[in-house]
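Good morning, and thank you for the time on today's agenda.

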Amino acid sequence: MRWTQRVKQLKTELPALYLCLRQPDTPLSAKLLAGLTLAYALSPIDLIPDFIPVLGYLDDVLVLPVLIVLTVKLIPRAVWKRCHEQARGLWADGRPKKWYFAVPIVLFWLLVLGLLLKRWLR
């Protein structure tokens, strides 16, 4: 699979993982790994920083797909198929239709920044 196709596929798989998190019939282990995968994908913090030539991007290219594959293996096939179909239309016109899926991530990082700022000002 070409890299451009893989990136397009990630635009569907990541929202599908988020949708799987909200399903009651998704096992707890799959929910935990899906949460970790989404946090890693949306986090500005990587295992290897992106400013390091080649290795920084290689980190994202290898770690994220492996996390997605492991997570999908834990999700029941029917749940994954249903969520994947729902996620297909989210990226119409190059940006997500349901932008509010990012709200929990933004709130999490605002909380982290607030706690760091509070600690720093002491």
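**Salt bridges, core and surface**

Let me begin with Glu85, which is partly exposed, at a relative accessible area of 46%. Please bear in mind throughout that this is a predicted model. Glu85 pairs with Arg88 in a salt bridge, and their closest N and O atoms are 3.1 Å apart. In total, the count of salt bridges comes to 2.

The other pair I wish to show joins Arg82 and Asp25, whose side chains meet with an N to O distance of 3.6 Å.

Ala78 and Asp25 are 53 residues apart in sequence, and their C-alpha atoms are 9.8 Å apart in space. Ala78 itself counts as exposed, with 54% relative accessibility.

Which residues have the most contacts inside the largest nonpolar core? They are Leu17, Cys20, Ile68, Ile75 and Trp80, in a core of 20 residues. Helices α1 (3-21), α2 (28-42), α3 (55-74) and α4 (77-87) each supply at least two residues of this core. The largest share, 6 residues, comes from α1. As general background, nonpolar side chains in soluble globular proteins tend to be buried together.

Leaving aside residues up to four places away in sequence, Cys20 touches Thr26, Lys31, Ile75, Val79, Trp80 and Cys83. Both Cys20, at 0% relative accessibility, and Cys83, also at 0%, are buried.

The cut-off applied for a disulfide is 2.5 Å. Accordingly, the structure holds 0 disulfides.

Finally, the surface. A nonpolar patch of about 550 Å² is made by Val103, Val106, Leu107, Leu110, Leu113 and Leu116. Of these, Leu110 lies in helix α5, which spans residues 103-121. Leu110 counts as exposed, at 51% relative accessibility.

Thank you; I am happy to take questions.

Conventions: Residues are numbered from 1 along each chain as its sequence is written. This is a predicted model: local features need pLDDT of at least 70, side-chain atom pairs count only at pLDDT 80 or more; totals for chains, interfaces and linings use all residues. Side-chain values use heavy atoms; hydrogens and water are left out. Buried means under 20% relative accessible area, exposed over 50%, partly exposed in between (1.4 Å probe, protein chains only). Patches are made of residues with over 30% relative accessible area and no salt bridge: like charges are joined within 9 Å, nonpolar side chains (Val, Leu, Ile, Met, Phe, Trp, Tyr) within 5 Å. Accessible areas come from the Shrake-Rupley method with a 1.4 Å probe; for residues, only the protein chains shown count as cover. A salt bridge is a side-chain nitrogen of Lys or Arg within 4 Å of a carboxyl oxygen of Asp or Glu. Helices (H or I, at least four residues) and strands (E, at least two) are DSSP runs, numbered from the N terminus. A nonpolar core is a set of buried Ala, Val, Leu, Ile, Met, Phe, Trp, Tyr and Cys residues joined through side-chain atoms within 4.5 Å. Contact means heavy atoms within 4.5 Å.
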